[in-house]
Amino acid sequence: MNHQSVDAATATSFLPMVSVVVPIYNGEADLPELINCLLSQTYPKERVEYLLVDNNSSDRTLTILKTSAENYPITIHPLSENQIQSSYAARNTGIRAATGEIIVFTDADCRPQPQWLDTLIKPFINKEVVIVAGEIVALPGTTLLERHAELQETLSQKHTLNHSFRPYGQTANLAIRRIALEKAGLFRPYLTTGGDADICWRILGENIGRLEFAPDAIVQHRHRNTLKELQSQWRRYGRSNRYLHELHGVDLMREMTPKEYGYRLTRWLLKEIPRDIKKALAQPNPGIAGQATLVNLLNTPIGLFTARARTAGQRDAKLPENAKIIDRL
């Protein structure tokens, strides 16, 4: 109770210097919307720097970054990471150039809302807080796959914050106190997935401080809209699980047997489809209900599709030896 009153009294005067780091690979199409979102931030402009790191793009990303730095009324530092093709290496390049007390991460295909930084930074009033995760919600989608992912809240931090090993925040919407990075180290530059969990777990494992969730610090993210993209996403989740198993001892996901796949599909065909169709027909507006029902009907087959992709990613992955390297400030 007392802690909350102190926070409320000091919130308006708590304005630490913030460095926002964004790794970008071939982000030409995303940059105009991203920069508009950065321009709209309500956090005082003189207290924020944006370190936008081109990761060896083959499009006009770096040119756009340099032009933006010259023409917009916010502090943009265009940087390059051309030695290692990895978003984590690019983030490390941004961290090394950062001057802020708080380092914030998002991605080029994310759309931070205007109050994002204001809300994400506030929990750091408490000196015990060294990591803050904001929420990730879906950009409005039109395809069935996008609407399915939105319904399932696939990218929500609620999933990662409830991880059975330790909570962590995804780098699409994450802030870390600089002193924690000085003590625990930076991202593993050669890691290709799972680096957000790894860095959070190293910080929490060394008891440097605690993690807090800021549900109103919102970043919007576009869901995958093709089966190929969806498969690639979940294979990456599987690889991440394998890497984190080797780095931290995380349990591997159990593989479903062919019998289990068969049972789930049979149940879907004989029970779930008739039930959902009956429910849709009973609604006063069958057109709208039918659209919702179609998305719901996909839950089981899409769930099996993504489970299979994640299993394949986990089974085929092997952690490269150089991925064990931790960069230091």
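How far is the sulfur of C110 from the closest cysteine sulfur? The separation is 9.6 Å, to the sulfur of C37, which is too far for a bond. A disulfide is defined here as a pair of cysteine sulfur atoms within 2.5 Å, and the structure holds 0 disulfides. C37 is accordingly in no disulfide. The relative accessible area is 13% for C37 and 0% for C110.

This is a predicted model, in which local features need pLDDT of at least 70 and side-chain atom pairs count only at pLDDT 80 or more, while totals for chains, interfaces and linings use all residues. Residues are numbered from 1 along each chain as its sequence is written, and side-chain values use heavy atoms, with hydrogens and water left out.

Next come the aromatic residues. A pair of aromatic rings is described by the distance of the centres and the angle of the planes. Rings of Phe, Tyr and Trp (its six-membered ring) pair if their centres lie within 6.5 Å; planes under 30 degrees apart count as stacked, over 60 as edge-to-face and the rest as tilted. By this rule the model has 5 aromatic pairs. In one of them, the ring centres of F165 and W201 are 4.7 Å apart and the planes stand at 55°, so the pair is tilted. F165 belongs to the loop between α7 (157-161) and β7 (174-177), and W201 to helix α9 (residues 195-205), so the pair ties together parts that are 36 residues apart in sequence. Helices (H or I, at least four residues) and strands (E, at least two) are DSSP runs, numbered from the N terminus. F165 is partly exposed at 33% relative accessible area, whereas W201 is buried at 1%.

W234 and Y237 make an edge-to-face pair, 4.9 Å centre to centre with 80° between the planes. These two residues are 3 apart in helix α10 (residues 227-248), so about one helical turn separates them. W234 is buried, with a relative accessible area of 19%.

Y88, F105 and F187 form one aromatic cluster. The charged end of R91 sits over the ring of F187, 5.9 Å from its centre; this requires NZ of Lys or CZ of Arg within 6 Å of the ring centre and within 35 degrees of the ring normal. R308 lies over the face of Y261 in turn, 5.7 Å from the ring centre.

Turning to the strands, β2 (residues 48-54) and β3 (residues 75-80) pair in the parallel sense over 6 bridges, where pairing takes at least two DSSP bridges. Y50 has I76 in β3 as its bridge partner. Together with helix α3 (residues 61-71), β2 and β3 make a right-handed β-α-β unit: with the strands pointing away from the viewer, the path from the first strand over the helix to the second runs clockwise.

Two buried loop residues remain. D30 lies in the loop between β1 (18-24) and α2 (31-39) and has 18% relative accessibility. Setting aside residues up to four places away in sequence, D30 touches A108, D109, R111 and R222, where contact means heavy atoms within 4.5 Å. H223 is in the loop between β8 (210-221) and α10, with 9% relative accessibility. Beyond its neighbours within four places in sequence, H223 has contacts that include A138, E146 and L155.

Methods
Buried < 20%, exposed > 50% of the residue type's maximum accessible area, 1.4 Å probe, protein only.
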